[in-house]
Amino acid sequence: MKLWGGRFTKETDQLVHNFNASIGFDQKFYHQDIRGSIAHVTMLAKQGILTGAEQDAIIAGLSGIEQDIANGTLVIDGTQEDIHSFVEANLIARIGETGKKLHTGRSRNDQVALDMKLYIRDEIAAMDELLFSLLKELHLLMKEHLTTYMPGFTHLQKAQPVTFAHHIGAYFEMFKRDRSRLADTKARLNYCPLGAGALAGTTYPLDRDYTASLLDFAGATQNSMDSVSDRDYLIELLSASSTIMMHLSRFCEEIILWNSNEYRFITLDDAYSTGSSIMPQKKNPDIAELVRGKTGRVYGALISILTTMKGLPLAYNKDMQEDKELTFDAIDTVKGCLALFTGMISTMTIHPEVMEASAKNGFTNATDAADYLVNHGVPFRDAHGIVGQLVLFCEQKGIALDDMTLEEYQAISPVFEADIFDAIRMETCVTKRNTLGAPGPAVMEQVIVRNEAYLNEV
């Protein structure tokens with residue numbers, strides 16, 4: 001059954017039908033389509049456009065269709081153009097002429113806009129739940145590793161000592177912002193387009209605010225042309241999704257480095273690693289690499305929808321049908337990556353002793369040696385030069401600053417005293433950094449408390 005065949009005298013060419021049809025992918029939101037239709041029919045009856053008996057018959061028919069699709073009794077096939085046509089055709093087959101009244105006062109344009117918003121709203125909730133699970137796992141890692149010392153990096157060069165908790169905390173903040181972006185997207189999309197018609201509303205006395213309330217929207221959209229042609233919320237979602245993937249990809253890059261033979265900061269669990277078909281010794285971080293690789297897939301969806309929308313005049317254009325496949329794929333990709341990444345980090349083994357040794361051997365405490373001199377009256381610029389000589393001496397001997405003798409220190413600067421060794425210990429270097437946002441345990445414990453409050457918010 002076509003919803004538009006009256007003015008046509010010839011059947012659509014099969015290739016045209018196949019090219020035009022969307023049921024191969026928009027069947028994904030059959031639940032949302034039926035939910036929207038039930039709300040629409042409820043509103044039509046309230047307004048006296050349908051009788052109570054007609055309302056009951058249509059809702060019963062729609063509920064039966066939904067149940068049969070869910071349990072596999074009714075299979076969505078390619079005979080219909082889209083999910084809307086499929087549901088309506090089956091409704092008419094089940095309840096007869098009354099089913100033809102379902103579409104009163106609406107167009108497929110506002111119907112598909114509604115379905116997509118309902119679907120995206122549900123998927124945002126699912127993505128948010130996965131982000132929340134990831135944040136809980138990161139929080140556990142932070143609590144466990146407040147005194148696990150490691151090198152902090154700039155330019156991929158060892159810079160200053162931090163803790164693993166502090167390093168993980170940076171990603172905690174990133175994923176918190178990701179949840180906030182999703183919430184912002186939901187708030188802006190949460191207005192109901194149903195009743196906008198094809199583009200200019202309808203002559204039927206619809207109560208659009210009532211329909212919106214039935215579907216848990218904040219209200220009805222205010223312009224019918226914008227209602228059917230708006231895809232900003234998809235662009236926002238794909239932008240937020242791209243940022244989530246960027247954060248995951250950055251984290252995966254570090255996981256890959258840390259898991260390498262050169263770093264050995266962590267060991268990935270066998271369940272999240274694979275082997276080589278030719279090299280028996282290999283244990284590859286394939287999950288981290290795949291998450292990193294799939295980031296480009298989500299970026300591509302964002303660029304695709306931006307390119308699709310950039311030249312479209314108002315109101316609806318068939319180009320917009322291209323929004324679905326790429327959005328569905330991006331959402332599935334993000335959800336899959338979040339779930340796998342959370343499992344990967346929850347099972348990996350941390351090697352604190354390797355991390356701390358790396359921090360010592362990378363001269364990450366050099367700044368603290370300079371601060372020691374400054375606190376003993378040496379101008380910072382002179383202290384910087386003196387510590388530079390210390391580092392050069394250590395590099396020539398293949399030792400760390402901690403391994404020098406007091407005599408070797410004093411040969412370069414007589415200001416150094418025996419307490420220099422305590423001043424450059426990893427624990428000292430980290431513990432005295434207690435400004436908000438720093439890795440010191442005192443301030444990090446405050447952050448832990450705030451994170452717990454955040455995670456306990458309803």
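Predicted model: local features only at pLDDT ≥ 70, side-chain atom pairs only at ≥ 80, totals over all residues.
User: How many residues does the largest nonpolar core have?

Analyst: It has 92 residues, and Ile120, Leu248 and Ile255 have the most contacts inside it. A nonpolar core is a set of buried Ala, Val, Leu, Ile, Met, Phe, Trp, Tyr and Cys residues joined through side-chain atoms within 4.5 Å. Buried means under 20% relative accessible area, exposed over 50%, and partly exposed in between, with a 1.4 Å probe and protein chains only.

User: Which helix gives the largest share of this core?

Analyst: Helix H10 does, with 14 residues. Helices (H or I, at least four residues) and strands (E, at least two) are DSSP runs, numbered from the N terminus.

User: And what does Ile120 touch?

Analyst: Not counting residues up to four places away in sequence, Ile120 touches Leu189, Tyr233, Leu234, Leu237, Thr327 and Ile331. Contact means heavy atoms within 4.5 Å.

User: Moving on, is Asn190 buried or exposed?

Analyst: Asn190 counts as buried because its relative accessibility is 12%. Asn190 lies in the loop between helix H7 (164–189) and strand E3 (191–192).

User: Which side chain joins that of Asn190 in a polar contact?

Analyst: That of Arg121, at 2.8 Å. A polar contact is a pair of N or O atoms within 3.5 Å; within protein, one must be able to donate a hydrogen and the other to accept it, and residues adjacent in sequence count only if both atoms are side-chain atoms.

User: What about helix H14: which of its residues are buried?

Analyst: In H14 (residues 366–375), the buried residues are Ala366, Asp368, Ala369, Ala370, Tyr372 and Leu373. They pack against E2, helix H15 (380–397), helix H17 (420–423) and helix H18 (426–431). Just after H14, Gly377 takes a positive phi of about 95 degrees.

User: How many bridges join E1 to E2?

Analyst: Strand E1 (residues 149–154) and strand E2 (residues 157–163) run antiparallel and are joined by 5 bridges. Two strands pair if DSSP finds at least two bridges between them. Thr154 has Gln157 in E2 as its bridge partner.

How values were computed. Residues numbered from 1 in each chain as written. Heavy atoms only, no water.
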